[in-house]
There are 2 protein chains.
Amino acid sequence: MKWSMIATWRMALEGVRSGTRILREHGNIHQAVVNAVTEVEDDENFQSVGYGGLPNRNGEVELDAAYMNGDTLDAGGIMAVQNIKNPIQVAYTLSKYKRNCFLAGTGAMKFAQEHHFIMQDMLAPSARKRYEEMKVNLEEMVQQEAYQGHDTVCVIGRDDNGSMACGVSTSGLFLKQPGRVGDSPIIGSGFYVDSEIGGAAATGVGEDIMKGCLAFSIVEKLKLGTEVQRACEEVLNHHEENMMKRNGSVGSMSVIAMDKNGHVGAATNLDIFPFSVGDADGNCQVLVAIHENGKIKILES
Amino acid sequence: MKWSMIATWRMALEGVRSGTRILREHGNIHQAVVNAVTEVEDDENFQSVGYGGLPNRNGEVELDAAYMNGDTLDAGGIMAVQNIKNPIQVAYTLSKYKRNCFLAGTGAMKFAQEHHFIMQDMLAPSARKRYEEMKVNLEEMVQQEAYQGHDTVCVIGRDDNGSMACGVSTSGLFLKQPGRVGDSPIIGSGFYVDSEIGGAAATGVGEDIMKGCLAFSIVEKLKLGTEVQRACEEVLNHHEENMMKRNGSVGSMSVIAMDKNGHVGAATNLDIFPFSVGDADGNCQVLVAIHENGKIKILES
């Protein structure tokens, strides 16, 4: 089965729907991917991306996003930014530059302002309420590292001409240290795409994902001819085993990938990892990756 | 020939000397690598690292640094920070955490202050003078992207027990956009080390280095059994050809690597790329990588 778009989590389904619609209407791959991520950013119900994202320890919503063009390998991203309505749109704009493509903190925010991106308070009332409830036990939670809500949205798309692109956006770990940068805006760890090979992206505990450069590792496997589902499983399993051997523990990690022909794969060390897909005819659905007999099985949701 | 330490550029020679001395006196690999990078950061004469580093467009010295432990794969880094005397020491401290290991901007600076790292104005009089001279033609320079001084210090070390580590530090591109993050603090692009395989690091135009995840790519080659010098050349040549094909241009890029046995390699797309090495007996010297008949030749300086 060939798909035009794959995205992490169930929350991306509507984004995938609008992204594949753009492709069907002959919009370009960049419009489609940016639009898909934007939809997730704009939905207050998603507590880990854009508006509605849960705040850091100081009660501030800090966002990361990145974009990569699979034809040119051009990439851009922003890290640890506040008050930017759609980080993915800034990341996409930066990906068109040849230099100064990744910007962090106040420099990134200033760039967004100067380029007239919409600035707004990103702490939704629902997220503020959640923070206020948790704040009572803030120290305890931070000590326990009982972080929740690190569900990055990652979208990989491919148009009929074989051009691929990838966009990611996240508010990172709930109650994170201010300034914390996870894997999402880090090329090779949170995302990587090459139209001549395929693309991959990751969601989960960024610090552990980064140690294995998971997205780039999967694309390297695809390059060697490994089938896309197997590439996801081999990379994730190897890294999990490696982390257990080196450190005795590993955080949650899930990956998605699409090869240059539109075949997709996914793997996870969670019990269940839902992800969204859409095809050229506009058929969009949620699939789930689950463990069965030591292998990952992909089921319809 | 086996080495205990390899580092980018001639400027790292004294750092390598002090790092290998620490190893000889049975200090640990982390002390040795952090110390080697610290020496370069502290020397005002080096215009691209630490004190004396050239400022961004606003005349501010913004620094990036990262550290990786090859035994555990733990890594930490700071990006786009100001006023931190020794970024490498903050990065090393962050690498010991399990979460919130990479910090950007004001969050990173706050962490450094709270952990009592030395804070100071990092704009040396010599760097200010250079900036003032250039400022006259600032717009023109930025338009031309005529950046200079992107010579990151990268140090890879290995102790007698086979433990490896890597540290990098830079002030990034001269006249960069405020907030700009290059490849240096990006795991897999600017640095990567695994004591069971080897380590690699990169210096040059970060935006182009990142597109190929050069450090991780080299370590992947080592893992497959490729000899270290060949691994450096194959990865750099492939990426250069790929970038020329996709974009028609590529910035300067140089890489160093050390395998798990202490053999080293280097490659560059510059005419000449000097790098520093030191062995367990304290013999330290500068070697140069140059092009000869389509191959890289390593010569004594």
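Two strands are said to pair if DSSP finds at least two bridges between them. Strands (E, at least two residues) and helices (H or I, at least four) are themselves DSSP runs, numbered from the N terminus.

Colleagues, this is a predicted model, in which local features need pLDDT of at least 70, side-chain atom pairs count only at pLDDT 80 or more, and totals for chains, interfaces and linings use all residues. Residues are numbered from 1 along each chain as its sequence is written, chains are lettered from A and ligands numbered from 1 in the order in which they are written, and side-chain values use heavy atoms, with hydrogens and water left out.

I turn to strand E8 of chain A, residues 198-204. Strand E7(A), residues 191-194, pairs with E8(A) in the antiparallel sense over four bridges. Three residues lie between E7(A) and E8(A) in the hairpin they form, and A:Tyr192 has A:Ala200 as its bridge partner. E8(A) also pairs with strand E9(A), residues 253-259, again antiparallel, over seven bridges; there, A:Gly198 is partnered by A:Asp259.

How many residues of E8(A) are buried? Seven of its seven are, where buried means under 20% relative accessible area with a 1.4 Å probe, protein chains only. One face carries A:Gly198, A:Ala200, A:Ala202 and A:Gly204, the other A:Gly199, A:Ala201 and A:Thr203.

Next, helix H4(A), residues 105-114, whose buried residues include A:Met109 and A:Phe111. The buried residues of H4(A) pack against strand E3(A), helix H3(A) and strand E4(A). After H4(A) comes A:His116, with a positive phi near 65°.

Conventions
Buried means under 20% relative accessible area, exposed over 50%, partly exposed in between (1.4 Å probe, protein chains only). Contact means heavy atoms within 4.5 Å.
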